[in-house]
Amino acid sequence: MALEVKGVTDPAALPPAQVVKLPDQLEYVAGSVVSRTLARTNGGTLTLFAFDAGQGLSEHTSPFDAFVQVLDGSVDLTIGGKEVRASAGETVLMPALVPHALRAAGRFKMLLTLVRGS
């Protein structure tokens, strides 16, 4: 069931008042990165990602804090020049305006929470 707000239906939104397993909401695709935005508001976004082994995101910055919550597998992150490995069940903060990049150590899924400041 898609979420409907003011006559606009978001087919990617999670169904209200139902339990879901986030890792099951997105499938891996060979040689690719797949994403699904679950929520987008003035306060931020929630986006699911599924990375095939060896895939990644090149170094970039964001004007907002971002939290990586690993749901499956593990990821190698570089945040402000510091290397960090995070695995399923772990969360890492990527601070606003700090360069960061990531590379899938193997297949992995994450929930990325972007928090916009006031």
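**View 1. Five strands form an open sheet in the order β3-β4-β11-β6-β9, and the pairing here is antiparallel.** The edges of this sheet are taken by β3, at residues 33-41, and by β9, each of which pairs on one side only. Neighbouring strands of the sheet are turned against each other by 20 degrees on average, when direction is ignored.

**View 2. Strand β6 can be followed through its bridges to β11 and to β9.** Seven bridges join β6 to β11, and the two strands run antiparallel; along this pair, Val70 has Met110 in β11 as its bridge partner. With β9, strand β6 pairs in the antiparallel sense over four bridges. Two places to look for on that side are Val68, whose bridge partner in β9 is Val92, and Ala66, whose bridge partner in β9 is Met94.

**View 3. The largest nonpolar core of the model has 17 residues, and those with the most contacts inside it are Leu77, Phe108 and Met110.** At least two residues of this core come from each of the strands β4 (44-51), β6 (65-72), β7 (74-79), β9 (91-94), β10 (100-104) and β11 (108-115). Strand β11 provides the largest share of the core, with four residues. Apart from this core lies another one, made of eight residues, among them Tyr28, Ala50, Leu71 and Leu111.

**View 4. Phe108 is shown with the residues that it touches, leaving out those up to four places away in sequence.** Which residues does Phe108 touch, once those up to four places away in sequence are not counted? They are Tyr28, Phe49, Ala50, Phe51, Val70, Asp72, Gly73, Ser74, Val75 and Leu102. When comparing this view with the previous one, the reader may recall that Phe108 is among the residues with the most contacts inside the largest nonpolar core.

**View 5. Two prolines, Pro15 and Pro23, are found in the loop between β2 and β3.** Is Pro15 buried or exposed? Pro15 counts as buried because its relative accessible area is 15%, which is under the 20% cut-off. The C-alpha atoms of Pro15 and Leu38 are separated by 9.9 Å, although these residues are 23 residues apart along the chain. Pro23, by contrast, counts as partly exposed because its relative accessibility is 26%, a value that falls between the cut-offs of 20% and 50%. Leaving aside neighbours within four places in sequence, Pro23 is in contact with Leu71 and Lys109. The C-alpha atoms of Pro23 and Leu111 are 8.9 Å from each other, while the two residues are 88 residues apart along the chain.

**View 6. The whole chain is shown for orientation, with zero helices and eleven strands as its secondary structure.** Of its 118 residues, 32% count as buried. The chain exposes about 6,900 Å², and carbon and sulfur atoms supply 54% of this area. Among contacts between residues at least 6 apart in sequence, 58% join residues that are at least 24 apart.

**View 7. Confidence in the prediction is lowest in strand β1, at residues 3-5, and highest in β9.** The mean pLDDT is 46 in β1 and 98 in β9, while the chain has a mean of 90, with 89% of its residues reaching 70 or more. Over residues 1-8 the pLDDT stays under 50, and for this stretch the model has eleven contacts beyond four places in sequence. Where pLDDT is low, the predicted coordinates should not be read in detail.

Key: Residues numbered from 1 in each chain as written. Predicted model: local features only at pLDDT ≥ 70, side-chain atom pairs only at ≥ 80, totals over all residues. Heavy atoms only, no water. Buried < 20%, exposed > 50% of the residue type's maximum accessible area, 1.4 Å probe, protein only. Contact = heavy atoms within 4.5 Å. Areas by Shrake-Rupley, 256 points an atom, 1.4 Å probe, with all protein chains shown as cover. Core = buried A, V, L, I, M, F, W, Y, C linked by side-chain atoms within 4.5 Å. Pairing = 2+ DSSP bridges. Axes fitted to C-alpha atoms, helices over the stretch in contact; angles between N-to-C directions. pLDDT = per-residue confidence, 0-100.
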